[in-house]
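Subject: Handover of a structure and notes on what was found

Dear colleague,

Please find below the structure that I am handing over to you. My notes on it follow directly after.

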Amino acid sequence: MSLGEAITTARCARGLTQKVLSARLGITQAALSRHENDLREPSEERLKEIASALGVTSGLLLRAGRMRGAIAVGAHMRRRATARPTVWRRLEAQLNLHRLHARRILEHVDLYADLTIPWFDPFAFDPVTAARLLRAEWGLPVGPVRDLTGWIEKTGCLIFESDFGTGRVDGLSQWVDPYPVIMLNSTAPTDRRRLTLAHELGHLCLHSQGVPDDYESDATSFAAEFLMPAEVIRPQLRNVTTGRLHDLKRYWGVSMQSLIERGFHLGVIPAKQRTYLYKRFSALGWRTHEPVSDELPPERARLVSDIGQAMLERGLTASEISAITGYAPESSDNPFLNSGPRLRIVRARPE
């Protein structure tokens, strides 16, 4: 990836057009375009100005320019068909910017992960088998997965949460060397966030070395089996009512619509009953706002802020942490400087 691509990615991640950014920098749009297309390398001072306007350091952009391969390699996204291309392209740019920050931090911090996210060849393992194998490898209990966020962070996965500005994209994921990065829409309810995490986990397990034609369907099937194992949940979904769905949602931590779809695909909820339930949901206004969601235990990512906390406890200042992580000192959205509880798998690497 070139320096120009890094500048373009950071600009798109901020949702800025060339016209807006060039005006902030006091240069012509044509001059900025030449920098982004690697037709003219910015001076050291100009690069600092560009980086500051984008909330990053010039070092981050320069190091990105020495990376090998395309910046968008291995990115996956859970989005609805109605999501605008401009929206998911901005979010993909944000994911790739997180990837650059993650590379920087992993040069200074050792992550002691208790678990790993293995790769399953999607042409040798179907999604359901892969989900069952991963549950067994992680030693998960037979029933629901409690604190899915915590389980995933035990692998060293960095989860970045933010308001996507839309409800039509739920999450994205990408590998950064041995560790993955996941972006989550912080405005989504707990049940949807958990399904998104399981969906992205399916991508990371199945699609890190190639993407088949039905990769979204694979990730969905993986998530369903991982969160709602067929052998356990099948008998619970027979003859369900709306009241019963409330109880099952509390128990499994997934949406009632996910439970209906699970029962339908397992053959225990007939098509006629599925249609009836959805008509009831529409009449009650549950298709867009389900009840019980606020009763589910919230799951929040802690590993990113914990890394920053570990560095603070080591004696580093906020400015030094900003430099290490590649955020401009004046940036207010450095997630590594948000306070959070300590996790034992993190230790700041000595110089």
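This is a predicted model: local features need pLDDT of at least 70, side-chain atom pairs count only at pLDDT 80 or more; totals for chains, interfaces and linings use all residues.

Sorted by class, the lining of the largest pocket comprises 13 polar, 12 charged and nine nonpolar residues.

The second largest pocket holds about 470 Å³ of space. It is lined by 20 residues, and those closest to its centre are H98, E161, S162, D333 and P335. Here α6 (85-106), β3 (158-162) and α15 (303-313) each provide at least two lining residues. The classes in this lining are nine nonpolar, seven polar and four charged residues.

**A residue of α6**

Helix α6 also contains H101. Is H101 buried or exposed? H101 has a relative accessible area of 1%, and is therefore buried, the cut-off being under 20%. Leaving aside residues up to four places away in sequence, H101 is in contact with V56, L60, T325, G326 and Y327.

**Helix α12 and its surroundings**

The next topic is the packing of one helix pair. Two packed helices are described by the angle between their axes and by the distance between those axes. For α12 (residues 242-252) and α13, the angle is about 100° and the axes lie 9 Å apart. The two helices are therefore roughly perpendicular to each other, a term that covers angles of 65 to 115 degrees.

Which residues meet where α12 and α13 pack? On the α12 side they are T242, L245, H246, L248, K249 and W252, and on the α13 side M256, L259 and I260. By class, this contact consists of six nonpolar, two polar and one charged residues.

The buried residues of α12 are T242, L245, H246, L248, K249 and W252. Their cover includes α9, α10, α11 (230-233), α13 and α14. An α-helix has 3.6 residues a turn, so residues three or four places apart point the same way.

D247 is also located in α12. With a relative accessibility of 42%, D247 counts as partly exposed, because this value lies between the 20% and 50% cut-offs. Directly after α12 comes G253, which has a positive phi of about 70°.

**Helix α1**

Finally, I turn to the start of the chain. Helix α1 (residues 3-13) is mostly covered, with eight of its 11 residues buried. The buried residues are L3, G4, A6, I7, T9, A10, R11 and A13. After α1 comes G15, with a positive phi near 70°.

With kind regards

Key
Residues are numbered from 1 along each chain as its sequence is written. Side-chain values use heavy atoms; hydrogens and water are left out. Ala, Val, Leu, Ile, Met, Phe, Trp, Tyr, Cys and Pro count as nonpolar, Asp, Glu, Lys and Arg as charged, and the others, Gly among them, as polar. On a 1 Å grid over the protein atoms alone, a cavity is a set of points where a 1.4 Å probe fits but cannot get out, and a pocket is an open set with protein on both sides within 12 Å along at least five of seven lines; lining residues have an atom within 4 Å of a point. Grid points are joined across faces, edges and corners, and a volume is the space filled by probe spheres set on the points. Helices (H or I, at least four residues) and strands (E, at least two) are DSSP runs, numbered from the N terminus. Axes are lines fitted to C-alpha atoms, for helices over the stretch in contact, and angles run from 0 to 180 degrees between N-to-C directions. Angles under 35 degrees count as roughly parallel, over 145 as roughly antiparallel, 65 to 115 as roughly perpendicular and the rest as oblique. Contact means heavy atoms within 4.5 Å. Buried means under 20% relative accessible area, exposed over 50%, partly exposed in between (1.4 Å probe, protein chains only).
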